[in-house]
Amino acid sequence: MKKLLLTFCLLLTACCLLSSAQETFPVNGTRENNKLYYAFTNATIFTDYQTKIENATLLIKEGKVEAAGKDIKIPEGAVVTDLKGKFIYPSLVDVYTSYGMPEVKKENVHGPQMESKTKGAYAWNQALKPEFNAASAFAADAKKAEELRKNGFGSVLTLLQDGIARGTSAFVLLGDGKENKLLLKEKATACYSFKKGNSTQDYPSSLMGSIALLRQTYLDGEWYAQLISSPTGGGREGVNLSLQSWNETQSLPQIFETDDFLSALRADRVGDEFGKQYIIKGSGTEYRRMDEIKATNASFILPLNFPDPYDVEDPFDALIVNLDDLKHWEMAPTNPAAFEKNKIPFAITADGLKDLSKFWKNLRKAIEYGLSETEALKAITFTPAQLIGAENMVGSLKAGLKANFIITSANLFDKKNIILENWVDGIAYKVNPLEVQDIRGTYDLTIGGSVTYKLKIEGEDRKPSLKVFYSDTVPTSGDISVDKKMVSLSFPVEKGKTDLIRMSGVIEDKQLSGRCQLPAGTWTDWKVVYKEAFVEKAKKDSTDNKAKEIGKLVYPFMAYGWSEQPKQETVLIKNTTVWTNESSGKMENTDVLIENGKISVIGKNISGAENAKVIDGTGKHLTAGIIDEHSHIAISKGVNEGAQASSSEVRIGDVVNSEDINIYRQLAGGVVASQLLHGSANPIGGQSALIKLRWGLTPEKMKIENADGFIKFALGENVKQSNWGDNNTVRFPQTRMGVEQVYYDAFIRAKNYEKSLKDYNAIPAKQKGSSVSPRRDLELDALVEILNRKRFITCHSYVQSEINMLMHVADSMGFKVNTFTHILEGYKVADKMKAHGVGASTFSDWWAYKYEVAEAIPYNATILTEQGVVTAINSDDAEMGRRLNQEAAKAVKYGGMSEEDAWKMVTLNPAKLLHLDNRMGSIKEGKDADVVLWSDNPLSIYARAEKTFVDGICYYDAEKDLLLRDEIRKERARLIQKMIAAKKGGEQTKKPEKKEEKLYHCDTMEEEN
């Protein structure tokens, strides 16, 4: 027995020594050896978001949960706290913060910066920081931690919110003490965004550039992994610490920050391309497209950044607020509920709130707007922990997890609830007193043994209010504050006076007494005698179960959006003048039948279409819809990626913006399709997107299926940037001669690149294992497609010398130019253009707006057409795109072109230039039903598009447009009245500010990232 006892003592000593040996930091003084149990009894405990236990006990020891539930045996010596009437919840978890991170500052740079200023063996671009380790940079912030704890948070994920590849985050506790004890997970997630952040490097300057950079970095990471594992170990390429870190973090959970729902969809597409399922940090606008959001299969981190109402009492102030902003104010609080309804996993973050005190206000508002309390609790405890693989640390109160919990006075989501204590890692942080003296009631006050008053102490037990009665029945308000057993009061000595009696005393049960100072400065005793209990008045619940009045969700989320998607119909347009653009020319008194989105039958007196919707076309004109060969509408966050001479890796298709009112406006002008072009800031620009104006559909559904690929090239003043001022003399080329060399250099590199790919692919499979594949280069991929006639050039051009130059480069390098756009000196080289096989897309009558167009003439389009060059008229302008029919008519005036040939320049000819004429551009049986019914001859300035069909769907109807205007007026009025009511109800408002509509042109160069 003695041996057993000795063995036990030795083991116990060893354990104690081992525990002490685990402390790597020296302690100045005696070491803390707190191994006490803490028991919290008689509480309502939520052990997780779905498990509620009444009259339960929580037992913790050494920072861990020992047990939670009923009939818990409390060890002898435990510190016991009776929490009868109170609640315990897991502490909140926020997985999107910058807590403890260094401040992000952007350096002011004058002039272009082509290369990274980051010192060391890191990435070529400053916006790429995969090597950043938040754990290494983390510095606990006691003030911020206290603020977060007061709001119930016990742990947060912290990351550097700067750059496109942001490195790794750290998961930390919100306690006091050294960082090494607060750190729970060193590399918890890898983090990304589309924002370049504080990078001073020019590239990327657009959203599409950010996407291209991210895409290229994924490819570079794969290539670098192969390279360093090769026998040469990298060879001449050397070491790239950024790519090394990038590869090391690909197995972590991946968080991607977005700033609108479209970017959430874009991020998901990038992830799908590289086999990554991002956790998407949302924007609060996802409710607008929940079907598409659900299809991402992503989990989301949702902010509660609900906007304040506008101050719209002044009717002229109200006029400058867009309908979508009015509607977003009303519908933003529905966002979390929309996720719950669609069963999409989500966490909630306080990120984006300038004032953290709004967190609970906005979360309760989300509950009022349909979010269940169960899902709300899950979104602030379990789900955030689960998303980063920390559910076995925090987020619930299971045995073995961190003792991170909050004690509250009531249900967590009750407006009257107060957070009393927040325990982090088993350490108590007091927020409010656990117990308070409830001194509410009616009292008789005696001062100095003679002067008497009647007092009523009302309000809430933790925030009492004071009313003093003098000789009448109308009370005067005073001030009262309670701190444990101490009380302070003050009130006017007489009704209507400002001189105060100031009192301080103690509370014994319901008896209050102490000393006071009278206005004259003399001191005396005071005491109160308890008379009546306080009876709380029943209050009408302002958050009743009545459904909130919410307007309709419309697509797109703006004026003229539809609440019900227009559908394909069988339509018979009768007895109209049909401009076929085919050999039959104009056909008078003709019928056209549209079925299944196609032009089915053209003829007179068509019968057999009993179920068709009949439209009387008498006196009207039916044409193929207008196709704008050169447009910059419907593009998000930058039309130019002009930081480099070649940006063929960027894709307008990545940034199509379905939420652009110009889509609807152009439908009203008879436009059915557009080529969305990169700008003209560099010789080799980005890849185009061909879209149909399917108003209300998402970007991917707007793109024309199976269309050929196109790309923007440019010549002239814009691309050499030498006239942009003294600061812009860095980027090559600076002369027109240099532009030519850019093309030669690019295509020589492309040919060598293609050869290296072919040589590698020719290596026998057995030998490929020991070979390194050529680095995949997205810029050169696009140029190789041009050489192989899989991508086609649209080139911005003005001066004949440069036009000749590019055709010569193309001939010598073995590719073709598809279209010269603008081409204002095309009339000088029309014969050469015909010989090269290039088309023209020009302006009708623009000239002399800058030096290089000084010799432009309005007869250009007619001369080009007469020389056999396929010629189109384009807009290059959102406003002009609405009236391309009138632009085409100018060719009749300047040069005497026939009406039918003039009309082809905005319909059939652009379809030919875009290789779409087999399905668009004319009215022919079997072609897409992209047609417009005009009120008059379409070339007339009096003609109005009455109906515009795309794929047989009427996306614009002039009669319905009038009804929509009335609906918009009523919806605006409703929302404005609701905002005014919110202001009168005490909500904070903000001043309306006019939003300037962003319209892009070829030379728009403002940085959009």
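Which residue lies over the face of tyrosine 429? That's arginine 149, at 3.9 Å from the ring centre; a charge counts as sitting over a ring if NZ of Lys or CZ of Arg is within 6 Å of the ring centre and within 35 degrees of the ring normal. Lysine 990 likewise lies over the face of tyrosine 310, at 4.8 Å from the ring centre.

A quick word on the ground rules: this is a predicted model, in which local features need pLDDT of at least 70 and side-chain atom pairs count only at pLDDT 80 or more, while totals for chains, interfaces and linings use all residues. Residues are numbered from 1 along each chain as its sequence is written, and side-chain values use heavy atoms, with hydrogens and water left out.

Phenylalanine 405 and tryptophan 423 make a stacked pair, 5.4 Å centre to centre with 10 degrees between the planes. Phenylalanine 405 is buried at 0% relative accessible area (buried is under 20%, exposed over 50%, partly exposed in between, with a 1.4 Å probe and protein chains only). Tryptophan 423 is buried too, at 5%.

Tyrosine 859 and tyrosine 894 have ring centres 5.7 Å apart and planes at 85 degrees, so this pair is edge-to-face. Tyrosine 859 is partly exposed, at 41% relative accessibility, whereas tyrosine 894 is buried at 17%.

How values were computed: Rings of Phe, Tyr and Trp (its six-membered ring) pair if their centres lie within 6.5 Å; planes under 30 degrees apart count as stacked, over 60 as edge-to-face and the rest as tilted.
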